[in-house]
Amino acid sequence: MSDDELSSSGARPIPSPATLALSTPRVPDMQEETTTPRPSPPQTSYPITFVIVGGGIAGLACALALRRVGHRVTVLERLERDAARGEHGVRAPPNLSKILFHWGLRDALMSKASIMDKLVFTKCECKVPNRRAFPCVTTPLLCHLPDDSSETLAEQLWDAEMLKETQGLFLMLSHPDLHDIFCDAAIQLGADVRFSSEVVEVDPPSRAVTLSSGERLSGDVLIGADGALGQCRTAVLGRRDPGSPTGLAVYDTLISLAYVSTFDPRVALKSWQCLALGGGRAAVAYPIRGFEDISFQLYAPDDAGASGCYEDAAPVDLALVTKDSGISDHLRQTVLGARKTKVIPIRQHVDLEDWVSDDGRLLLIGEAAHPFPPTTIQGTAMAVEDGAVLAKLFSHLSSAAQIESFLYAFQEIRQSRVRNVRAAELGAIAMLTADGPAAAARDASLRANAARGPGANVLEGGGSAEGVWEEYSVLFGYDCEDEADEWWVQWGRLRQRAQDRSMAADGEEPA
Ligand SMILES: Cc1cc2nc3c(=O)[nH]c(=O)nc-3n(C[C@H](O)[C@H](O)[C@H](O)COP(=O)(O)OP(=O)(O)OC[C@H]3O[C@@H](n4cnc5c(N)ncnc54)[C@H](O)[C@@H]3O)c2cc1C
């Protein structure tokens, strides 16, 4: 499709490289010596058309990344924009925030996010016989411990050296704000983002999709970013993968600070992520929206047999769920103010061998390729890393003959990274929700590490927390764009030369 054809189909022409920087990167003090803003990225000499199914974080970040290197992009999202933005909180670890910094979105991100100062682990024992308490996570976050059932186990300050090396920051913000950042930037760079556009049929051999309106769209490559339960994953796997239950679910909710202050005048929200540990249950809380709201998640047994995912999870009444569960008075009052609570099951999905369809023209990214448990720190980060890597590879596209090898290169680069990260996230959930002797070992390890004094890595060594800290520095320090560059330097360029030579031998013009 030419640029003119694209314009008539609703997409805008590709801006020149000079206009691609979205904003002048601003360098916060703590990152001054480590941040080296990247110039406008190299542009492809062979622009092609990508049709992306799904306008969640993966689809939009991918659209933005591909536009930055000069490809044409249409995003098809079945929900209206407001519904697709979501409602709750997300954490942006350094490996995610640094991508936005590299893309010139530092100001947009920092205007919506707060920097996480530390992790605070507390322990909550239930005083009601034969009951398991939902641990009272809000008390440390609100800066005091009004009930005597909570013990502060340990505090983890983010290691300044580690953060410096990662070139990113650990941030907390709302999902709608992150969605807006990618969506606005992608549209600004000329991506054709269509909401209320449900794809009802995916036809990889024809590189085409059909919308519920009957409209048919085709491109050079289809990208499946329609989530773990979407059509694209089904098309690649050859069957639906609903995932198998793990027995755990996450209750994700929001509580306003203004509400809590109606019964607790001492509140002063901190820039911390608080994790409260109870037998087989855990609660996580952190501030979002300029400290107006507490993003609040409870990990608990999936007693109700929850189904669905974020966009279709049934609303629940958290006060009812936690009633009679032996929670502290403070938490009982707090959850009365819970808004927009959703319960999402934690499921184990098939680990796909291939993210590329057999015909080589449909690629899965984000949750569609590698479902993560809901509300994990790295699920969103992996979705964005996918787009960054894909765009880096396709910035080198100089002929149609390279397309398939770039899609498989993407798969090769991303699969090992995602498997490692997912294993770490599952380990973190197991640690948070440990019960019995495993929980006792975890708590002992946290207490012992905390006793080493301020600044100690409380997640280091011993018990079920073993190795977590070491994994964290690897997780956060990873630079996905460098990985893609390395693949190009080591393999891609050689293949390109070999291909050019064989074309020259056949008397054809090299790309
Ligand atoms: C509405 C929503 C709210 C969320 N809120 C949070 C949150 O608060 N905190 C958090 O940690 N994580 C949240 N998530 C999950 C988080 O965004 C993902 O884990 C991660 O960012 C990767 O997402 P993804 O884009 O790969 O997949 P998803 O987030 O699942 O996005 C897939 C997108 O594809 C769309 N789609 C599906 N089928 C079709 C179709 N046939 N045609 C067109 N479009 C289709 C869906 O509507 C959805 O927008 C939310 C996800 C959604 C969809």
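A: Strands β15 and β16 form a hairpin with four residues between them, and Arg-289 in the turn has a positive phi of about 55°. Most residues other than glycine have a negative phi. This is a predicted model, in which local features need pLDDT of at least 70 and side-chain atom pairs count only at pLDDT 80 or more, while totals for chains, interfaces and linings use all residues. Residues are numbered from 1 along each chain as its sequence is written, and side-chain values use heavy atoms, with hydrogens and water left out. Strands (E, at least two residues) and helices (H or I, at least four) are DSSP runs, numbered from the N terminus; two strands pair if DSSP finds at least two bridges between them.

Strand β15 comprises residues 281-288 and is joined to β16 by seven bridges in the antiparallel sense. Within this pairing, Ile-288 stands opposite Asp-293 of β16. Strand β16 also pairs with β13 (residues 244-256), again antiparallel, over nine bridges, and there Leu-254 faces Ser-295 of β16. Eight of the nine residues of β16 (residues 293-301) are buried, so this strand is largely enclosed by the rest of the structure. Buried means under 20% relative accessible area, exposed over 50%, and partly exposed in between, with a 1.4 Å probe and protein chains only.

Strand β15 has a further antiparallel partner in β14, to which five bridges join it; Ala-276 stands opposite Ala-283 of β15. β14 and β15 likewise form a hairpin, with two residues between the strands, and Gly-280 in this hairpin takes a positive phi near 70°. Strand β14 (residues 272-278) is mostly covered, with seven of its seven residues buried. Trp-272, Cys-274, Ala-276 and Gly-278 point one way from β14, whereas Gln-273, Leu-275 and Leu-277 point the other way.

Elsewhere, three strands form an open antiparallel sheet in the order β3-β7-β4. Here β3 and β4 (114-115) stand at the edges with a single partner strand each, so one side of each is left without a neighbour in the sheet. Four bridges join β3 to β7 (residues 171-174), and Arg-91 stands opposite Met-172 of β7.

Helix α8 covers residues 175-188, and its 14 residues should span 20 Å at 1.5 Å a residue; the end C-alpha atoms are 20 Å apart, which agrees. The expected span is 1.5 Å times one less than the number of residues. Ten of the 14 residues of α8 are buried, so the helix is largely enclosed by the rest of the structure. Among the buried residues are Pro-176, Leu-178, Ile-181, Phe-182 and Cys-183, together with Asp-177 and Asp-180. Gly-190, which follows α8, has a positive phi near 100°.

Ser-196 lies in the loop between β8 (192-194) and β9 (199-203), and Arg-207 is found in the loop between β9 and β10 (208-211). At 29% relative accessibility, Arg-207 counts as partly exposed.

The ligand is surrounded by 29 residues, the closest being Ala-58, Glu-77, His-175, Val-199 and Glu-367; a residue is near a molecule or strand if one of its heavy atoms lies within 4 Å of it. These shell residues divide into twelve nonpolar, eleven polar and six charged, where Ala, Val, Leu, Ile, Met, Phe, Trp, Tyr, Cys and Pro count as nonpolar, Asp, Glu, Lys and Arg as charged, and the others, Gly among them, as polar.

A polar backbone atom of Ala-58 is 2.9 Å from an oxygen atom of the ligand, and a backbone N or O atom of Gly-89 lies 3.0 Å from a ligand nitrogen atom. For Glu-367, a backbone N or O atom lies 2.8 Å from an oxygen atom of the ligand. The protein covers 94% of the 920 Å² of accessible area that the ligand has on its own, areas being taken from the Shrake-Rupley method with a 1.4 Å probe. The elements that give two or more residues to the shell are α2 (57-68), α3 (81-85), β3 (89-92), α13 (366-369) and α14 (377-394).

Technical notes
A polar contact is a pair of N or O atoms within 3.5 Å; within protein, one must be able to donate a hydrogen and the other to accept it, and residues adjacent in sequence count only if both atoms are side-chain atoms.
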